[in-house]
Amino acid sequence: MFALFRVSALLLFIGLSATALAQSPVADDDATSNILRQENLVAWCIVPFDAAERTPAERARMLRELDIRRCAYDWRAEHVSTFEQEILEYRKHGIEFFAFWGGHPEAYRLFEKHDLHPQIWMMPPNLNEGTQEQKLQRAAEQMVPAAKETQRLGCKLSLYNHGGWAGEPETLVSMCRLLREQGFNHVGITYNFHHGHDHIHDWKQSFELMLPYLHCLNLNGMVDRANPKILGIGKGQHETDMIRVVMESDYQGPIGILDHRSDLDASESLTENIEGVRWVRKELQLPGSGGAKPKTPSPHTTP
């Protein structure tokens, strides 16, 4: 009788535990599979937007100190002369030159010289005239030279959403399909939350549409009307639910975190987002376990 009671109690405990797990929004998975783990983060928009105006050596040291192991490199004309120094400093400090913004012949030359194969992030052309099919065909045609060059270099070409028609998930996916039909299977999508405020309320459908083509996903705090447009992760109204959709999928790709605020030291903005990612991760694994929600600053607009 006592043994039967012990078995019943054990079964009840197992049942309650299973119920608790089922009610948890995102299972507490290990560090090797969670896309929000520190080593999966990519620093983005940290070159021309850094208030400290770091040199390549200073930038590489900053990333190492923050334990960010990958960087997507954005630049302006004044940075072309230091492209190679950036590559060498990243290599010295164990930072992966993960992605490169736009295209540039000097960068391509250096990638070949140093045997680098970063993702190349490019905005597709924003077209206004013609039917949807006509616009897609013309946009895809205009991307063919970049597709050929990146294919030759062994680099992935990522269509980058930056608002407008070209930044719509349906447009990005359709262009990927058209280019892949021509043999450019290395073409995919880099999607940015901070250029995706129009997709907050249909995010699940948009994300599932892009998922087979997604090369990188860049996070941001998300509020209605994009005010502010750039916001620390965890400080918005919507990004936690949007990230939940991603974590419940089979996406295992990289996650980008932003600086993109010229008034801030890049170290400050990256630290803010690292802490925000940790808070969101804990909240999705067990609501309330992340502690107080990160505080939101006074509203301001950012280009």
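Predicted model: local features only at pLDDT ≥ 70, side-chain atom pairs only at ≥ 80, totals over all residues.
The strands come first. Eight of them form a closed barrel, in the order β1-β2-β3-β4-β5-β6-β7-β8, and the pairing is parallel. From one strand to the next, the twist averages 30 degrees. In general, strands of a sheet pair through backbone hydrogen bonds, either parallel or antiparallel. Strand β3 covers residues 96–101 and strand β4 covers residues 119–122. The two run parallel and are joined by three bridges. Across this pair, Phe100 stands opposite Ile120 in β4.

Helix α5, residues 132–153, packs on the sheet. The strands touched by α5 are β4, β5 (157–160) and β6 (187–192). The direction of α5 makes about 145 degrees with that of β5.

The crossing of α5 past α6 is right-handed. On the α5 side, the contact is made by Gln132, Leu136, Gln137, Ala139, Ala140, Met143 and Val144. On the α6 side, Thr171, Ser174, Met175, Leu178 and Leu179 take part. Sorted by class, the contact of α5 with α6 holds eight nonpolar residues, four polar residues and no charged residues.

A further helix pair is formed by α2 and α3. Their axes are 9 Å apart, and the packing angle is about 30 degrees. An angle under 35 degrees counts as roughly parallel. Helices α2 and α3 are therefore roughly parallel to each other. Helix α2 passes α3 in a right-handed crossing. From α2, the residues that meet α3 are Pro56, Ala57, Arg59, Ala60, Arg61, Leu63 and Arg64. Their partners in α3 are Gln85, Glu86, Glu89, Tyr90 and His93. The contact of α2 with α3 divides into five nonpolar, two polar and five charged residues.

Helix α3 itself spans residues 83–93, and its buried residues include Phe83, Glu86, Ile87, Glu89, Tyr90 and His93. The buried residues of α3 pack against α2 (56–65), β2 (70–73), β3 and α4. Just after α3, Gly94 takes a positive phi of about 75 degrees.

Two single residues were then examined. Tyr108 is placed in helix α4, residues 105–113. Its relative accessibility is 10%, so Tyr108 counts as buried, the cut-off being under 20%. Beyond its neighbours within four places in sequence, Tyr108 is in contact with Gly102, Gly103, Ile120, Met122, Glu149, Thr150 and Leu153. Among these contacts is Ile120, the β4 residue opposite Phe100. Thr150 is 42 residues from Tyr108 along the chain, yet the two C-alpha atoms are separated by 8.8 Å.

Gly232 sits in the loop between β7 (214–218) and α8 (239–247). Gly232 is also buried, with a relative accessible area of 0%. Neighbours within four places in sequence aside, Gly232 is in contact with Gly221, Glu239, Arg261, Glu272 and Asn273. Gly232 and Pro294 are 62 residues apart in sequence, while their C-alpha atoms are 8.5 Å apart in space.

Conventions. Residues numbered from 1 in each chain as written. Heavy atoms only, no water. Pairing = 2+ DSSP bridges. Helix = DSSP H or I, 4+ residues; strand = E, 2+ residues; numbered from the N terminus. Axes fitted to C-alpha atoms, helices over the stretch in contact; angles between N-to-C directions. Contact = heavy atoms within 4.5 Å. Left-handed = near helix turned anticlockwise from the far one by under 90°. Nonpolar A, V, L, I, M, F, W, Y, C, P; charged D, E, K, R; others polar. Buried < 20%, exposed > 50% of the residue type's maximum accessible area, 1.4 Å probe, protein only. Parallel < 35°, antiparallel > 145°, perpendicular 65-115°, else oblique.
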